[in-house]
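Colleague: I am new to this structure. Please show me how to read its features.

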Amino acid sequence: MGQRNADATILKAGTQSEDDPFEFILSDERVDRHGDIVRADGWKLADFKKNPIALFGHSHSQIIGVWTNVRVEGKKLVGRLKLAEEGTSELVNTTRKLVEQRILKAVSVGFRILEYTPRDKNEPWGGWDITQADLMEASMVAVPANAGALAIAKALSPSTADILFARPGTTEGGPEIDPGRATFETQTPNLDTWRERAKALGIS
């Protein structure tokens, strides 16, 4: 396995709550397929909470709402998705319907590693124990393998279908990646720009 850049933005998958379709487990302490663990008590949330915009597919141009009540509970990072008002956009309307039906039920957090140690000192790139991480953003992501989701995609405009149902293992404008975890360089846009976009969508 090649070397991973601890200064890059890391993506890690989360899941929809079984009790409430708009409540999500953003991250937990399970070992991912790369052998990494993100410790729940090491999440730094202060900067994220200043502007908790919810994105779709990690695209800064696809704002769908905000994340509320983001907090650590035990060994889990959890939060509630508050979508923009119905009618804001076709993407928002479709996302709402798919989330409510539990067809679209995956979330992915983007974060920067602040402190880590190799889990196996004999295999330095065989897994990290991430003890501190700065949450950068949280996105809804598509589940293309879901047959019901693909059926709905056929009824959407091509532009919206392309956003919601990208090929598995890809990112917008990016290379093939592991759907469970990826590393890539990213530039966080000016927070004032995000706030203006959110205001235009009626998100407070």
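**Contacts, core and strands**

Modeller: Start with Trp 67. Neighbours within four places in sequence aside, Trp 67 is in contact with Phe 24, Leu 26, Phe 48, Pro 52, Ile 53, Ala 54, Gly 79, Arg 80, Leu 81, Val 107, Ala 138 and Met 140. Contact means heavy atoms within 4.5 Å. This is a predicted model: local features need pLDDT of at least 70, side-chain atom pairs count only at pLDDT 80 or more, and totals for chains, interfaces and linings use all residues. Residues are numbered from 1 along each chain as its sequence is written, and side-chain values use heavy atoms, with hydrogens and water left out.

Colleague: Is Trp 67 buried or exposed?

Modeller: Buried means under 20% relative accessible area, exposed over 50%, and partly exposed in between (1.4 Å probe, protein chains only). Trp 67 has 3% relative accessibility, so it counts as buried. Phe 24 is buried too, at 0%.

Colleague: How do I read a nonpolar core, and which residues have the most contacts inside the largest one?

Modeller: In soluble globular proteins, nonpolar side chains tend to be buried together. A nonpolar core is a set of buried Ala, Val, Leu, Ile, Met, Phe, Trp, Tyr and Cys residues joined through side-chain atoms within 4.5 Å. Here the largest has 33 residues, and Trp 43, Trp 67, Phe 111 and Met 140 have the most contacts inside it. Among the elements that each supply at least two core residues are strand 6 (59-73), helix 2 and strand 9 (128-141). Strand 9 gives the most, with six residues. Helices (H or I, at least four residues) and strands (E, at least two) are DSSP runs, numbered from the N terminus.

Colleague: How are aromatic pairs described, and how many does the search find?

Modeller: A pair of aromatic rings is described by the distance of the centres and the angle of the planes. Rings of Phe, Tyr and Trp (its six-membered ring) pair if their centres lie within 6.5 Å; planes under 30 degrees apart count as stacked, over 60 as edge-to-face and the rest as tilted. The search of the whole structure finds three pairs. Phe 24 and Trp 67 have centres 5.8 Å apart and planes at 85 degrees, so this pair is edge-to-face. Phe 24 is in strand 2 and Trp 67 in strand 6, so the pair ties together parts 43 residues apart in sequence. Tyr 116 and Trp 128 form a tilted pair, 4.6 Å centre to centre with 35 degrees between the planes. That pair links strand 8 to strand 9, 12 residues apart. Tyr 116 is partly exposed at 34%, whereas Trp 128 is buried at 0%.

Colleague: What about Arg 96: where is it, and which side chain of opposite charge is nearest?

Modeller: Arg 96 sits in helix 2 (residues 90-100). Lys and Arg count as positive and Asp and Glu as negative; His and the chain ends are not counted. A salt bridge is a side-chain nitrogen of Lys or Arg within 4 Å of a carboxyl oxygen of Asp or Glu. Arg 96 is buried but has no salt bridge; Glu 86, the nearest side chain of opposite charge, is 4.7 Å away.

Colleague: Which strands pair with strand 1?

Modeller: Two strands pair if DSSP finds at least two bridges between them. Strand 1 runs antiparallel to strand 8, joined by seven bridges. Thr 9 has Arg 112 in strand 8 as its bridge partner. Strand 1 also pairs with strand 2, antiparallel, over two bridges. There, Thr 15 partners Ile 25.
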